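Please keep the sequence and the structure in view as you read each solution.

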Amino acid sequence: MSTTIKSIIAIVVIALIIIGFWYYGAKPATPNVTGPIKIGAILSLTGDAAAQGDYALKAIKLAEEEINKNGGVNGRSVQVVIEDDQTTAKDATTAFSKLINVDKVDGVIGSLWDFTTQPLIPLALTSSTTLISPTNFRIAGGFDLNNQSFVMLSNLSEVIAKLKQYLADNKIKKLGTVRFQSAFGAEIAKTLDQTMTELNGSKVVDETYAQMGAGDFRTDILKLKQAKVDAVFLDMLDIDALSFIKQAKELNYQPKIITHTLILDALKNAKIDRKLLEGIVVVNWEIDSPQFAQLFKAKYNIDSAKSDEQSYQAVYVLAQAIANAKDKGTVSQYLEGQSFNVLGKELKFTPDHTISSVPVEIQTIKNGQLIKLY
């Protein structure tokens with residue numbers, strides 16, 4: 001054989017090796033169609049959001065148990081790997097890295113609050129891992145989503161805007177906000193400012209604070225009192241809201257108090273003075289269906305709360321998407337194009353990766369009970 005022919009053969013062999021390496025290395029990994037569906041869950045089991053994390057954990061484990069009891073999804077069982085973010089962004093990112101690189105999960109649920117979830121959104125994109133936060137809202141310009149990230153709630157502005165009828169009917173002349181420094185609180189203040197401008201042309205008096213549980217709001221209270229604010233929206237933990245109400249009374253200032261679902265923790269606390277809660281108006285988006293409430297009560301012998309049905313739904317939705325997508329990288333595409341039925345309720349993501357069918361009620365607390373207003 002001549003040297004020329006040998007050279008040609010060598011070149012062809014090398015070319016085939018390169019082509020084969022490119023083909024098998026570049027194409028998406030073959031999905032695991034027989035092993036368990038591995039889902040990571042980043043929850044706040046310690047720290048300020050621990051109460052919410054405990055309910056979310058119970059809901060997630062309930063869904064995992066039910067799915068496996070009924071044969072899994074496409075014959076595959078579901079395995080949820082839990083990580084605690086301790087209600088800090090740093091620990092949330094560490095947990096995400098472990099779930100992706102060590103546990104090799106197919107998708108992630110979490111986290112629970114905006115500042116613990118935000119750093120996970122770019123990580124989901126760079127790792128091509130679908131992320132579903134069960135308890136966060138989308139906030140345009142403050143909590144934006146990407147191709148790999150989804151929330152089980154809607155746009156926060158749409159929910160807060162539901163207060164408009166209450167504010168109009170009760171002839172609120174001037175509204176204030178006292179809020180934790182976050183994208184969540186900023187969106188509440190922005191939406192309420194737009195609402196009050198539409199109603200009577202007034203601007204919201206906006207006060208912020210930086211440390212949860214600090215408990216001293218006297219300076220904010222005096223500013224609101226001087227500005228003749230007759231209703232205040234509190235974006236606070238229940239312990240901070242109770243501190244605000246106590247201090248306001250001490251300073252002879254008793255505006256109408258409006259808040260959101262974090263105050264519901266106080267309703268479960270037998271040690272507090274229930275009179276402090278009387279008449280508070282609550283924007284409540286944590287309204288579980290009767291079907292889920294019954295399942296949760298039967299399993300844990302306590303009432304459901306804290307958006308735990310969204311955590312339950314997230315397991316079902318993500319497991320179905322993983323089981324039916326071509327590979328890990330296309331799970332998000334499957335979520336975008338499908339409707340999911342969980343406990344008889346149809347769930348479908350909007351183009352901005354939110355769920356629009358979230359029930360919201362404006363309620364008031366009367367004799368320790370939530371009463372629907374709107």
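**Exercise 1.** What volume does the largest cavity have?

*Solution.* Begin by noting that this is a predicted model. A search of the whole structure finds 1 cavity of 30 Å³ or more, and the volume of the largest cavity comes to about 330 Å³. Next, turn to its lining, which is made up of 23 residues, with Trp113, Phe184, Asp235, His260 and Leu262 the closest to the centre. Finally, sort the lining of the largest cavity by class, which gives 13 nonpolar, 7 polar and 3 charged residues.

**Exercise 2.** Describe the largest pocket and the residues that line it.

*Solution.* The space in the largest pocket amounts to about 470 Å³. Its lining has 18 residues, and those nearest the centre are Leu264, Lys268, Ser304, Ala305 and Leu370. Two or more lining residues come from each of the elements α11 (264–267), β13 (361–366) and β14 (369–372). By class, the lining of this pocket holds 6 nonpolar, 5 polar and 7 charged residues.

**Exercise 3.** Which way do the residues of strand β3 point, and are they buried or exposed?

*Solution.* In a regular strand, side chains alternate between the two faces of the sheet. In β3 (residues 107–110), Gly107 and Ile109 point one way while Val108 and Gly110 point the other way, and all are buried. Now look at the neighbouring strands: β1 (residues 37–43) runs parallel to β3 and is joined to it by 4 bridges, with Ile39 standing opposite Gly107. Strand β4 (residues 131–133) also runs parallel to β3, through 2 bridges, and there Leu131 is the bridge partner of Val108.

Methods: Residues numbered from 1 in each chain as written. Predicted model: local features only at pLDDT ≥ 70, side-chain atom pairs only at ≥ 80, totals over all residues. Heavy atoms only, no water. 1 Å grid on protein atoms, 1.4 Å probe; cavity = no way out; pocket = protein on both sides within 12 Å on 5 of 7 lines; lining within 4 Å. Points joined across faces, edges and corners; volume = space filled by probe spheres on them. Nonpolar A, V, L, I, M, F, W, Y, C, P; charged D, E, K, R; others polar. Buried < 20%, exposed > 50% of the residue type's maximum accessible area, 1.4 Å probe, protein only. Pairing = 2+ DSSP bridges.
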